[in-house]
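Please look at the structure first, then read the points by topic.

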Amino acid sequence: MPAVAVTAWTRDELAHRRDEIDQISLEFESLQPGDIIARAAALAEGRAVVTCSFEDAVLAHAATVAVPGIEVAMIDTQYLFAETHWFVGEVRSAVGLNLRIVSPTGVEPDNLWRTDTEACCRVRKVEPLNELLRGAVLWVTGVRRVDGPTRADAPILSFDSGRNLLKLNPLARFTDDDMATYETIHELPRNPLVDRGYPSIGCWPCTRPVAPGEDKRAGRWSGQAKTECGLHT
Ligand code: SF4
């Protein structure tokens, strides 16, 4: 198995380690998600944050098993489906998460999503995420290459120059079958919306179920040019 550096890195040096980051990312291609998370967390010396949308429980489970007590965060936009809130409780019971729920500051539910989804996502998702990640060295996400064309080339490990941290996508290689197999092996609960035609789940005003054969993320901001909320762009 290839050797992976284990000396902890600081935020100040990340920009100068891009070649090493690319090399480690290639080495991670042959590892399972839990091993990837454990090795990457060693690089960050505990300054790691996992963000989950709770479409499924795979990332939360893999991270918590690999690094017990690792912080798992959910951004509560104030527009999440009731089913997602219920599901978070199920995952907490099943996995025993160190869960942190992050909310946008200074805003109440409003109608901005009707007129300006970019601004709404910025206030309710991107800004809370950036605040959450302030000071972190490693950000662990659930991005997968099969999510859609905008994510097809997602590396497992990269340098996020905008936030000046390491971004880890430990599930990047996982197919839908891989996810289902992982859920079965570990007896994980499922978000009920998935079985009702929502393969990608965001906020209720901006998510519709998809038809058979449609892209997994076709139900997100349907009818708009927008395809990403801004967290991963
Ligand atoms: S997905 Fe829709 S409701 Fe949620 S933050 Fe973005 S624009 Fe607002």
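The ligand sits in the second largest cavity. A cavity is a set of points, on a 1 Å grid over the protein atoms alone, where a 1.4 Å probe fits but cannot get out. A molecule counts as sitting in a cavity if more than half of its atoms lie within 2 Å of the cavity's grid points. This is a predicted model: local features need pLDDT of at least 70, side-chain atom pairs count only at pLDDT 80 or more, and totals for chains, interfaces and linings use all residues. Residues are numbered from 1 along each chain as its sequence is written, and side-chain values use heavy atoms, with hydrogens and water left out.

**Confidence**
- The protein chain has a mean pLDDT of 93 (the predictor's confidence in each residue, from 0 to 100).
- In this chain, 97% of residues reach 70 or more.
- Confidence is lowest in helix 1 (residues 11-14), at a mean of 92, and highest in helix 4 (residues 58-66), at 98.
- Helices (H or I, at least four residues) and strands (E, at least two) are DSSP runs, numbered from the N terminus.

**Around the ligand**
- The residues around the ligand (a heavy atom within 4 Å of it) are Y79, W113, T117, C120, C121, R124, K125, C203, C206 and W221.
- Helix 7 gives the largest share of this shell, five residues.
- Helix 7 (residues 117-132) also lies across strand 1, strand 2, strand 3 and strand 4 (138-140).
- Helix 7 runs at about 155° to strand 2. Such angles run from 0 to 180 degrees between N-to-C directions, with axes fitted to C-alpha atoms, for helices over the stretch in contact (heavy atoms within 4.5 Å).

- Six strands form an open sheet in the order 3-2-1-4-6-5, with mixed pairing.
- Strand 3 (98-102) and strand 5 (157-160) stand at the edges with a single partner strand each, so one side of each has no neighbour in the sheet.
- Neighbouring strands are turned by 30° against each other on average, direction ignored.

**Strand pairs**
- Two strands pair if DSSP finds at least two bridges between them.
- Strand 1 (residues 48-51) and strand 2 (residues 71-75) are parallel, over three bridges. Here V49 stands opposite E71.
- Strand 4 and strand 6 (residues 165-168) are also parallel, over three bridges. L138 has L166 as its bridge partner.
- Strand 5 and strand 6 are antiparallel, over four bridges. L157 stands opposite L168.
- Strand 5 and strand 6 form a hairpin with four residues between them. In its turn, N164 has a positive phi of about 55°.

Key:
1 Å grid on protein atoms, 1.4 Å probe; cavity = no way out; pocket = protein on both sides within 12 Å on 5 of 7 lines; lining within 4 Å.
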